[in-house]
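Opened the notebook for a new model today. I want to go through the pocket, the strands and the core, and jot down what turns up.

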Amino acid sequence: MDRLLRVEVVTAERRVLQERAESVILPAANGYLGVLPGHAPLIAGLSVGVLQFGGYHAEKRRVAVSGGFAEVADDRVTVLADTAELAEEIDVERARRAAERAERRLRERQAHVDHHRAEMALRRAINRIKAAGGRM
């Protein structure tokens, strides 16, 4: 690895990650975005998705991200995420229970249920399971 990116992921509560990597894949609002050293500066909105980082041809480490912004400049990738969890920190069983609960709320279609909130909870739970390498 001759040239590396400095990757930092932070939330309002904590610094989730500060590493060096050959490549980063971001869950941008309009689709996944790959970043290599020398990338043009940019700012991108983030969606619910899995941020991946590591060696260019190697298996990547993963971070479940939901919303926020990413800035790329001077071989540095800074992610300000609404929420972020390293794959190894994710409690997959808890995420599965959250997904089941959100699916049940969506299926029941009761008037007092905020359907948008339930859909977002389901997306975040599925994303956390995927980031941890689990299956639905």
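**Pocket.** I began with the lining of the largest pocket, where strand 6 (61-73), strand 7, helix 1 (92-108) and helix 2 (115-131) each put in at least two residues. Helices here are DSSP runs of H or I with at least four residues, strands are runs of E with at least two, and both are numbered from the N terminus. Helix 2 gives the largest share of that lining, seven residues.

I noted the ground rules before going further. This is a predicted model, where local features need pLDDT of at least 70 and side-chain atom pairs count only at pLDDT 80 or more, while totals for chains, interfaces and linings use all residues. Numbering runs from 1 along each chain as its sequence is written, and side-chain values use heavy atoms, with hydrogens and water left out.

How much space lies in the largest pocket? I get about 450 Å³. Of its 21 lining residues, A98, R117, A121, R124 and A125 are the closest to the centre. For the record, the search ran on a 1 Å grid over the protein atoms alone, and a pocket is an open set of points with protein on both sides within 12 Å along at least five of seven lines; a lining residue has an atom within 4 Å of a point. Points are joined across faces, edges and corners, and the volume is the space filled by probe spheres set on them.

I sorted the lining by type: nine residues are nonpolar, four polar and eight charged. In this count Ala, Val, Leu, Ile, Met, Phe, Trp, Tyr, Cys and Pro are nonpolar, Asp, Glu, Lys and Arg are charged, and the others, Gly among them, are polar.

Why does the pocket lie between the two domains? Domain 1 (5-87) and domain 2 (91-132) both give residues to the lining, so the pocket sits between them. The bounds come from an automatic or database domain assignment.

**Whole chain.** I stepped back and counted two helices and seven strands. Along the sequence the pattern reads β-β-β-β-β-β-β-α-α. The C-alpha atoms fill a box of roughly 55 × 25 × 25 Å along the principal axes. Of the 136 residues in the chain, 40% are buried. Buried means under 20% relative accessible area, exposed means over 50%, and partly exposed is in between (1.4 Å probe, protein chains only).

**Strand 1 and its neighbours.** Strand 1 (residues 5-10) is mostly covered, with five of its six residues buried. I traced its pairing next; two strands pair if DSSP finds at least two bridges between them. Strand 1 runs antiparallel to strand 2 (residues 15-21) over six bridges, and E8 stands opposite Q18 there. The two form a hairpin with four residues between them.

With strand 7 (residues 76-86), strand 1 pairs in the parallel sense over five bridges. V7 has V77 as its bridge partner in strand 7, and V9 has V79.

**Strands 6 and 7.** I counted 10 bridges between strand 6 and strand 7, which pair in the antiparallel sense. G68 is bridged to A81 of strand 7. Their hairpin has two residues between the strands.

D74, in the loop between strand 6 and strand 7, has a positive phi of about 50 degrees although it is not a glycine. D75 is found in that loop too, with a positive phi of about 60 degrees and again no glycine. Which of them is buried, and which exposed? D74 counts as exposed because its relative accessibility is 72%, whereas D75 is buried, at 17%.

**Core.** Of its 21 residues, L17, V24, L26, L51, V63, V77 and V79 touch the most other members. Strand 1, strand 2, strand 3 (23-28), strand 5 (42-54), strand 6 and strand 7 each supply at least two residues. Strand 7 gives the most, five residues.

**Last item.** I picked R123, in helix 2, which counts as partly exposed because its relative accessibility is 40%. R123 and G31 are 92 residues apart in sequence and 15 Å apart in space, C-alpha to C-alpha.

Definitions and conventions
1 Å grid on protein atoms, 1.4 Å probe; cavity = no way out; pocket = protein on both sides within 12 Å on 5 of 7 lines; lining within 4 Å. Core = buried A, V, L, I, M, F, W, Y, C linked by side-chain atoms within 4.5 Å.
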